[in-house]
Amino acid sequence: MTRLGILISGRGSNMLALAEAVGDGRIPETEIAIVISDKQNAAGLERARQLGLATEVVERHGRSREDHDRETVDALKNHRVDFVCLAGYMRVLSAYFLESFRDSILNIHPSLLPAFPGLNAQLQAIEHGVKWTGCTVHFVDETLDGGPIIAQRTVAVLDDDSEESLSARILEQEHQLYPEAVAFVVTGKYELAGRRVLSKP
Ligand code: GRF
């Protein structure tokens with residue numbers, strides 16, 4: 001069994017999408033070992049508990065990034081995690097964290113990267129005037145939302161879109177894309193060629 005650790009900071013809808021896909025076998029031979037939040041009050045924590053998932057809070061307040069990451073990495077290792085999925089985790093990872101799970105950390109971002117990295121990606125897309133945006137699952141490296149791209153989905157930007165309406169349509173796609181991308185990775189059907197994530201024949 002492949003063991004996933006999911007890191008959240010907020011509502012946790014992508015975490016739930018992953019849990020559903022693990023439950024119904026779309027992500028095969030995999031279990032969720034632990035859901036960790038860096039915020040005590042993350043709504044996703046309660047939703048994870050309701051599903052019977054193990055949860056932990058590793059509070060970030062008042063400590064250095066490295067110190068916080070050491071505790072998070074310890075918790076992931078204690079639960080024998082193979083892959084880490086960031087799902088609305090609002091924290092940049094330290095070099096220590098990245099080295100601890102090299103090429104085994106995934107993130108989902110609500111734009112077609114490399115366009116609009118960072119915060120408020122949906123609003124950035126509207127303000128830039130692009131006609132298409134979407135979502136991206138990528139491996140996490142030391143850059144901000146810049147690691148090798150695993151999978152993407154497109155979403156049209158409509159003339160009357162608000163940040164909320166566009167975010168909602170992208171989120172629907174995120175909930176399909178993230179499980180597909182995790183399934184692709186945990187089944188080992190890929191190889192990394194520099195920045196490119198290629199399907200194995
Ligand atoms: C999603 O839009 C995700 O792409 C971004 O943060 C948001 C998290 O939402 N990284 P949720 O907590 O999974 O509902």
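Here is a chat about the predicted model shown above.

Reader: Before I dig in, what kind of model is this, and how are residues numbered?
Author: It's a predicted model, where local features need pLDDT of at least 70, side-chain atom pairs count only at pLDDT 80 or more, and totals for chains, interfaces and linings use all residues. Residues are numbered from 1 along each chain as its sequence is written, and side-chain values use heavy atoms, with hydrogens and water left out.

Reader: Okay, the sheet. What's the strand order?
Author: Seven strands make an open sheet, in the order E3-E2-E1-E4-E5-E6-E7, with mixed pairing. Strands here are DSSP runs (E, at least two residues), helices are runs of H or I with at least four, and both are numbered from the N terminus. Two strands pair if DSSP finds at least two bridges between them.

Reader: Which ones are the edge strands?
Author: Strand E3 (55-57) and strand E7 (149-156), each of which pairs on one side only. On average, neighbouring strands of this sheet are turned by 20° against each other, direction ignored. For angles, axes are lines fitted to C-alpha atoms, for helices over the stretch in contact, and values run from 0 to 180 degrees between N-to-C directions.

Reader: How do E1 and E2 run, parallel or antiparallel?
Author: Parallel: seven bridges join E1 (residues 2-8) to E2 (residues 30-37). Gly5 stands opposite Ile34 in E2.

Reader: And Thr2, buried or exposed?
Author: Thr2 lies in strand E1 and counts as buried, at 15% relative accessibility. Buried means under 20% relative accessible area, exposed over 50%, and partly exposed in between (1.4 Å probe, protein chains only). Leaving aside neighbours within four places in sequence, Thr2 is in contact (heavy atoms within 4.5 Å) with residues including Glu29, Asp82 and Val186.

Reader: Which helices lie across those strands?
Author: Helix H2 (residues 43-50) lies across E1, E2 and E3, running at about 155° to E3. Helix H3 (residues 65-78) lies across E1, E2, E3 and strand E4 (83-86), at about 155° to E2.

Reader: What about H1, how many of its residues are buried?
Author: Nine of the 11 residues in H1 (residues 13-23) are buried, so the helix is mostly covered. Among them are Ser13, Met15, Leu18 and Val22. The buried residues of H1 pack against E1, E2, H2, E4, E5 and H6. H1 is followed by Gly25, with a positive phi near 85°.

Reader: Switching to H5. Which residues are buried there?
Author: In H5 (residues 121-128), Ala121, Gln122 and Ala125 are buried. They line one face of the helix, because they fall within an arc of 105° seen down its axis. That arc is taken from the directions from the helix axis to the C-beta atoms. Strand E5 (105-109), strand E6 (132-139) and helix H6 (163-186) are among what covers them.

Reader: Last one: how do E8 and E9 pair?
Author: Strand E8 (residues 190-193) and strand E9 (residues 196-199) pair in the antiparallel sense over four bridges. Leu192 has Val197 in E9 as its bridge partner. The hairpin has two residues between the strands, and Gly194 takes a positive phi near 65° there.
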